[in-house]
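Colleague: Could you take a close look at one part of this model for me, the way its helices pack against each other? I'd be glad of the cut-offs behind your terms as you go.

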Amino acid sequence: MYETIQTLHSYWAYFVLFILIVAVANAIIGYTSNKKFVSKDLRLSLFALIFTHLQLVIGLILYFVSPFGMKMISDRGMGGMSSAERLLALEHPFVGILAIALITIGWSKHKKQQTDKGAFGKIALFYGLGLLLILSRLPWNQWLGLGM
Ligand code: HEM
């Protein structure tokens with residue numbers, strides 16, 4: 001069970017990062033070159049939203065079955081964790097949730113925009129911030145097999 005969820009979260013991360021980067025780049029290009037916000041742009045933003053939400057669901061399950069999630073906090077206590085352990089058990093999950101909240105806010109704000117530039121702007125800003133937050137707290141070493 002743990003291994004399956006962990007593997008899923010680990011591989012799904014490639015799709016999440018890929019589609020988020022494409023969605024942010026597309027929104028920045030649309031914003032700066034005053035393009036029309038067409039259905040391709042809507043679909044791309046929606047898929048990025050769905051992919052990150054799926055990762056959130058997988059991540060939440062993982063948090064409760066992984067030895068590096070909640071168990072780590074209860075075993076070691078907040079102050080007893082090394083910085084690598086704190087990254088996995090605390091910073092990555094909570095900053096991830098914050099990032100996904102920002103992406104969701106960006107999605108709902110873009111729908112209320114009257115102009116195409118406004119729609120691209122909201123996606124670029126909120127998805128961009130979310131992406132940066134996610135990248136800043138990924139357990140890179142563990143993911144890429146470089147050790148803790
Ligand atoms: C939204 C973007 C997210 C991305 C791209 C992402 C990606 C990753 C990656 C690449 C790893 C390392 C996997 C490995 O070592 O093979 C990981 C680990 C982990 N993630 Fe996420 N994650 C995200 C959100 C979340 C959320 C929201 C939670 C929980 C609420 C979460 C919980 C965890 C936990 C507990 C681990 C450690 C798992 C273990 O090795 O046992 N993640 N995540």
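Modeller: Happy to! Helices here are DSSP runs (H or I, at least four residues), numbered from the N terminus. A word on the source: this is a predicted model, in which local features need pLDDT of at least 70 and side-chain atom pairs count only at pLDDT 80 or more, while totals for chains, interfaces and linings use all residues. Residues are numbered from 1 along each chain as its sequence is written, and side-chain values use heavy atoms, with hydrogens and water left out.

Back to the pair: α1 and α2 pack at about 155°, and their axes are 9 Å apart. Axes are lines fitted to C-alpha atoms, for helices over the stretch in contact, and angles run from 0 to 180 degrees between N-to-C directions. The two helices are therefore roughly antiparallel, a label for angles over 145 degrees. Their contact (heavy atoms within 4.5 Å) divides into 20 nonpolar, six polar and two charged residues. In this count Ala, Val, Leu, Ile, Met, Phe, Trp, Tyr, Cys and Pro are nonpolar, Asp, Glu, Lys and Arg are charged, and the others, Gly among them, are polar.

Helix α1 (residues 2–32) also meets helix α5 (residues 116–136): their axes come within 8 Å and cross at roughly 145°. This crossing is left-handed. Among the residues in contact are L17, L20, I21 and Y31 of α1, with F120, I123, Y127 and L131 of α5. By class, the α1 and α5 contact has 15 nonpolar, four polar and one charged residues.

Now for the other partner of α2. Helix α2 (residues 39–65) packs with helix α4 (residues 83–111) at an angle of about 150°, their axes 10 Å apart. α2 and α4 are therefore roughly antiparallel to each other, and their crossing is left-handed. From α2 the contact includes L42, L46, H53 and Y63, and from α4 it includes P93, F94, I97 and W107. The α2 and α4 contact holds 12 nonpolar, five polar and no charged residues.

Since you work with ligands, one last stop: 23 residues surround the ligand, the closest being Y2, H9, S66, H92 and Q142, where a residue counts if one of its heavy atoms lies within 4 Å. A polar side-chain atom of Q142 is 2.8 Å from an oxygen atom of the ligand.

Technical notes: Parallel < 35°, antiparallel > 145°, perpendicular 65-115°, else oblique. Left-handed = near helix turned anticlockwise from the far one by under 90°. Polar contact = N/O pair within 3.5 Å; in protein donor to acceptor, adjacent residues only side chain to side chain.
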